Amino acid sequence: MKSIRPNSTYRSPARSATRTTANFTAALTDLFRDALDLIYPAGLKCICCGAIIDATRTYSLCNQCMAKVNWITAGARTCDRCGKLLSENDPADTCFSCRENPHVFHRALACAQYGALERDIIFSMKYRGHTEIGDILGEIMWDRLQSLDEMEKQEIFQGGIDVIATVPLSRQSLLARGFNQSYLMAAGLARRMEAPCDQDLLRRIRNTSAMKSLTPAERRKNIRGAFEVTRDVTGQHVLVVDDIYTTGSTADEIAAALTAAGAGRVIFFTFAAGADVVKS
Ligand SMILES: [Zn+2]
Ligand SMILES: [Zn+2]
C-alpha cells in the first residue's frame, strides 16, 4: 500500500479617443514596468502589480495583491472532482460542470480561483519573460499541498504520487516563448517535494489552436489526440502540473493518454482554476 510521507504527497522511492488614451496609458505602464525591470531585480517587485517590495514578502507579492488573490484556502468547500471552489448556494459536493461533464482524470487541485490578479501573474510569467515566477508558483503549490489535511491527501492522492509530469507545449510555442511554464512550476514543486519531475513523460504530437475563445465542446475536439506518453507508467500515480485549469479538456486528454499507458491515478494540479459555471 502506498504511504504518504509526513508533509509530503510524494511516494518514495520511486496556462476612439478614450481607447487611444487607454492604449497610451497601457503603453506607458508597460514602459514603466520595463524600466523597473531593469532597475530592480526579480524578488523586489510584486509579481502581480510590479510594485516595489522588500525581499521578505511571501511569494513576492505586495500586501495589497496578497490580500486580493482569490486563494483557495484550507477547509474551503471545493469540488470533489476538479477542486474548484463550490458555489455557496450549491449543496452538492461535485460542481455543476463536473456533474454535466464527467472527467477522465481522477482529481484536480488548484491554489486560487482564476481572476484578474491570477491572470496578471500568469501573463507576467508567460509573456513578459518573468521565468522566476514559475518557482514561486511551485512554492505556492507546495504550500497548498501542506494545507491539506491527511484525509484530503488520502482522498486526492490515494497513497501518494510517483512522478510529476509537465504539460508539453507545441514545438512552435516552445520556440516562440523559449521556456515551458508548466516545467518551471513543476520543477519548483518537485524540488520541494523531493519527487522526480519528468518533463519528457508527455509529448505533444500535434499542434492545437489557442483554447481561449473556444466553447467546451470545441476545446475537447481541438485537444483530442494531442498527447502521447513516452514510457510505460503501469500502476503509477502521476501528478500533472499546469498554470490554469478551465474546462478540464486538456486534463482529460492527458489523463486518457496516461491511463492508456497504464497509470493508476492521474491528478491535475494548477496554480489557478476558473469559477464553476452555474446554469441560470
Ligand atoms: Zn502587488
Ligand atoms: Zn468540479
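At 6% relative accessibility, cysteine 98 counts as buried, a word used for residues under 20% relative accessible area, with exposed meaning over 50% and partly exposed in between (1.4 Å probe, protein chains only). The model is predicted, so local features need pLDDT of at least 70 and side-chain atom pairs count only at pLDDT 80 or more, while totals for chains, interfaces and linings use all residues. Residues are numbered from 1 along each chain as its sequence is written, chains are lettered from A and ligands numbered from 1 in the order in which they are written, and side-chain values use heavy atoms, with hydrogens and water left out.

**View 1. The site of the zinc ion (ligand 2)****.** Cys79, Cys82, Cys95 and Cys98 coordinate the zinc ion (ligand 2) through their SG atoms at 2.3 Å; donors are N, O and S atoms within 2.8 Å of the metal (3.2 Å for Na, K and Ca), and sites may look incomplete because water is not among the atoms. The donor atoms subtend angles of 106 to 114°, which makes the arrangement tetrahedral, a term that requires all angles of four donors to lie between 85 and 135 degrees. Cysteine 82 lies in the loop between α2 (63–68) and α3 (96–100) and cysteine 98 in helix α3, so the pair ties together parts that are 16 residues apart in sequence; helices are DSSP runs (H or I, at least four residues), numbered from the N terminus. Cysteine 82, at 1% relative accessibility, counts as buried.

**View 2. The site of the zinc ion (ligand 1)****.** The SG atoms of Cys46, Cys49, Cys62 and Cys65 coordinate the zinc ion (ligand 1) at 2.3 Å, and the donor residues are spaced C-x2-C-x12-C-x2-C in sequence. Angles of 103 to 117° between the four donor atoms make this arrangement tetrahedral. Both cysteine 46 and cysteine 62 are buried.

**View 3. Tyrosine 59 in the loop between α1 and α2****.** Phi of tyrosine 59 is near 55°, a positive value in a residue other than glycine, and tyrosine 59 counts as buried at 12% relative accessibility. Most residues other than glycine have a negative phi.

**View 4. The packing of helices α5 and α8****.** Helix α5 (residues 132–147) and helix α8 (residues 181–193) pack at an angle of about 50°, with their axes 7 Å apart; axes are lines fitted to C-alpha atoms over the stretch in contact, with angles running from 0 to 180 degrees between N-to-C directions, and contact means heavy atoms within 4.5 Å. Trp142 and Leu145 are among the residues of α5 that meet α8, where the partners include Leu184 and Met185.

Conventions
Four donors count as tetrahedral if all angles lie between 85 and 135 degrees; four count as square planar and six as octahedral if opposite donors are over 155 degrees apart and all others between 65 and 115; anything else is irregular. Helices (H or I, at least four residues) and strands (E, at least two) are DSSP runs, numbered from the N terminus.
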